Amino acid sequence: MQSGELLPGPWPSLGSKPADGRGGWRAARFVLAVGFLERIGFYGVQGNLIMYLTGPLGMSTASAAAGVNAWAGAVQVLPLAGALAADSRLGRYRAVLAAGGLYLLSLGLLTISSMLQGPQPHAAGGSPSSTMLAFFYVALYLLALAQAFHRPCVEALGADQFAPGDGGDPGASASRSSYFNWFHFSVSWGYAIATAGLSYVEDNVGWTAGFGACWATMALYLAVFLLGTRAYRAEKPVGVRSFTESVRSWGARVFRRRDATDAERLLLAQEHEEGKELIVKLLPIWLTSLIIAAIFSQVYTLFTKQGSTLDRRLGGATTGLVVPPAALQCLMSATFVTTLPVYDRVLVPLARRATGHHAGVTTLQRIGAGMAVSGVAMAVAALVEGRRLRVARDAGLVDRPDVALPMSLWWVVPQYVLLGVAAVLAQIGLEEFFYDQVPDTLRSVGLAMCLSIFGMGSYASSMLVSAVDWVTRSKGESWFSDNLNRARLDYFYWLLAGLAALEVAAFLHFASRYVYRNEV
């Protein structure tokens, strides 16, 4: 394989049927378990973070949403650095070990921070000290650093179990495509448990208990990963010098072309050297995916705040269970775990027979469909929010934001489900696309490039929220008023729906001209 010398051992040439017991699904199952556990520990923090910022830390809705988006941007952009370190020096296996250590450190500090913070300082007229805020943010950004090593490397390590460099084996390619689907199936269960279970603990038992449970989950994550050590098909890093030479050589092949200023011609494969399409071919796809990334960031910010105003009781009017606002995010996970098997086991084989293509549906087709569904999701969210505001007016609760509206939480189910479908299509499609379309040397970097889309999308959402808040506040009531009954989140959702429509048009323009790496 071009990504470096394999670690000592009689490694198989076919990833789907390893000859020595290493690699294949036996090893991948450890990775799937690790991904499941990691999502529980990580989303136990991220999924309910906006409620912690507006609760114990006493931030405004707009400031908290911008803060969460900025941190989420760092979470998704930092994997570029982690992937570079893994592919050039650490190796993916050691990078995941480093992530485990950083997770334990950061979540331990977050647990200590919540113990020192107290339950609701702003409710009693107090506010966190600058020292406490600094301590909290150090812990939070250490968590982002842990994600920088984990996210691109663990997923790439799992895909490596199916020999991506053995291009002559169509079975390995099909297994690898299936692996990406099942990886997200497993992490969706972790996401569901975190958003439903841990958010309930944080809201009803305490933040210290919730963060402590996240720490314990990460300890188990590290133990499971180590148990699979003898099963992994791993690679040695290529070394800083070889890695740098590979990147320089790749860039030289791209930028020496005479037609480098012609955007249309740059999308056509005219040379057969591996790696010629770095930046030039991938950049249009990267750029035209930012809006859907910004849309996904609403799930753990504004969607959560929106859900907090609804009647979230299940069962009786007085004794029923009250669903935590962040638990509504598990609806996306439910969509994942029900849709993915249907997509992988039914729709893909049908498409494969209909088209004769081994993958059935191309990754770009999958991504474009997801973008279209995300736009529909935001239109539905805007309609639901409009109804929520009318209910608040009709019930005379416009100036009573602390009172739950007589509107069931089931009204927001469609927007979560639609975004779950969009994620099944677009998010997994993007990860598979960027993994497959880079040289073997840069597999982790390819996944990190994909993750950076969601990071920059979070930054774009943060900047958009701040800009809209500034403009609308200067003309009266902000669209993101702390009193959501006077806010206009519906206008913001319509804005995102319109941007999604423009994104689909631009994406189709570039995708129709894209030539896949294995077709040149």
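Residues are numbered from 1 along each chain as its sequence is written. Since the model is predicted, local features need pLDDT of at least 70 and side-chain atom pairs pLDDT 80 or more, while totals for chains, interfaces and linings use all residues; side-chain values use heavy atoms, leaving out hydrogens and water.

Biologist: How many helices and strands are there in the protein chain?

Modeller: Helices (H or I, at least four residues) and strands (E, at least two) are DSSP runs, numbered from the N terminus. By that count the chain holds 18 helices and 2 strands.

Biologist: What share of the protein chain's residues counts as buried?

Modeller: Buried means under 20% relative accessible area, exposed over 50% and partly exposed in between, with a 1.4 Å probe and protein chains only. The chain has 520 residues, and the buried share is 56%.

Biologist: Among contacts between residues at least 6 apart in sequence, what share joins residues at least 24 apart?

Modeller: A contact here means heavy atoms within 4.5 Å. For that set of contacts, the share joining residues at least 24 apart is 82%.

Biologist: Which side chain does Gln415 join in a polar contact?

Modeller: Gln415 sits in helix H16, residues 413-436, and counts as buried because its relative accessibility is 1%. Setting aside residues up to four places away, it touches Phe303, Gln306, Ala377, Val380, Ala381 and Val384. A polar contact is a pair of N or O atoms within 3.5 Å; within protein, one must be able to donate a hydrogen and the other to accept it, and residues adjacent in sequence count only if both atoms are side-chain atoms. At 3.0 Å, the side-chain partner of Gln415 is Gln306.

Biologist: How are H6 and H16 oriented to each other, roughly parallel or roughly perpendicular?

Modeller: Axes are lines fitted to C-alpha atoms, for helices over the stretch in contact, and angles run from 0 to 180 degrees between N-to-C directions. H6 (residues 130-160) and H16 pack at about 70°, their axes 12 Å apart. Angles under 35 degrees count as roughly parallel, over 145 as roughly antiparallel, 65 to 115 as roughly perpendicular and the rest as oblique. That is why H6 and H16 come out roughly perpendicular.

Biologist: How far apart in sequence are the parts that the Phe42 and Trp71 pair ties together?

Modeller: Rings of Phe, Tyr and Trp (its six-membered ring) pair if their centres lie within 6.5 Å; planes under 30 degrees apart count as stacked, over 60 as edge-to-face and the rest as tilted. The structure holds 26 such aromatic pairs, and Phe42 with Trp71 is a stacked one at 5.7 Å between centres and 20° between planes. Phe42 is buried at 0%, and Trp71 is buried at 1%. Phe42 lies in H1 (residues 24-46) and Trp71 in H3 (residues 61-77), so the parts tied together are apart in sequence by 29 residues.

Biologist: Are the rings of Phe162 and Tyr179 stacked or tilted, and which residues form the aromatic cluster?

Modeller: Their centres are 6.0 Å apart and their planes at 45°, so this pair is tilted. Phe162 is in the loop between H6 and H7 (170-204) and Tyr179 in H7, so the pair links parts 17 residues apart in sequence. Phe162 is buried at 0%, and Tyr179 counts as buried at 0% too. The cluster is made up of Trp25, Phe162, Tyr179, Phe180, Phe183 and Tyr435.

Biologist: Which backbone oxygen does the side chain of Thr217 reach?

Modeller: Thr217 is in helix H8, residues 207-227, and is buried at 14%. Beyond its neighbours within four places, it contacts Leu37, Ile40 and Gly41. At 2.9 Å, its side chain reaches the backbone oxygen of Ala213.

Biologist: How far apart in space are Met407 and Ala392, C-alpha to C-alpha?

Modeller: Met407 is in the loop between H15 (363-394) and H16, and is buried at 2%. Apart from neighbours within four places, its contacts are Leu310, Asp311, Val384, Arg387, Arg388 and Val391. Ala392 is 15 residues away in sequence, and the C-alpha separation is 9.0 Å.
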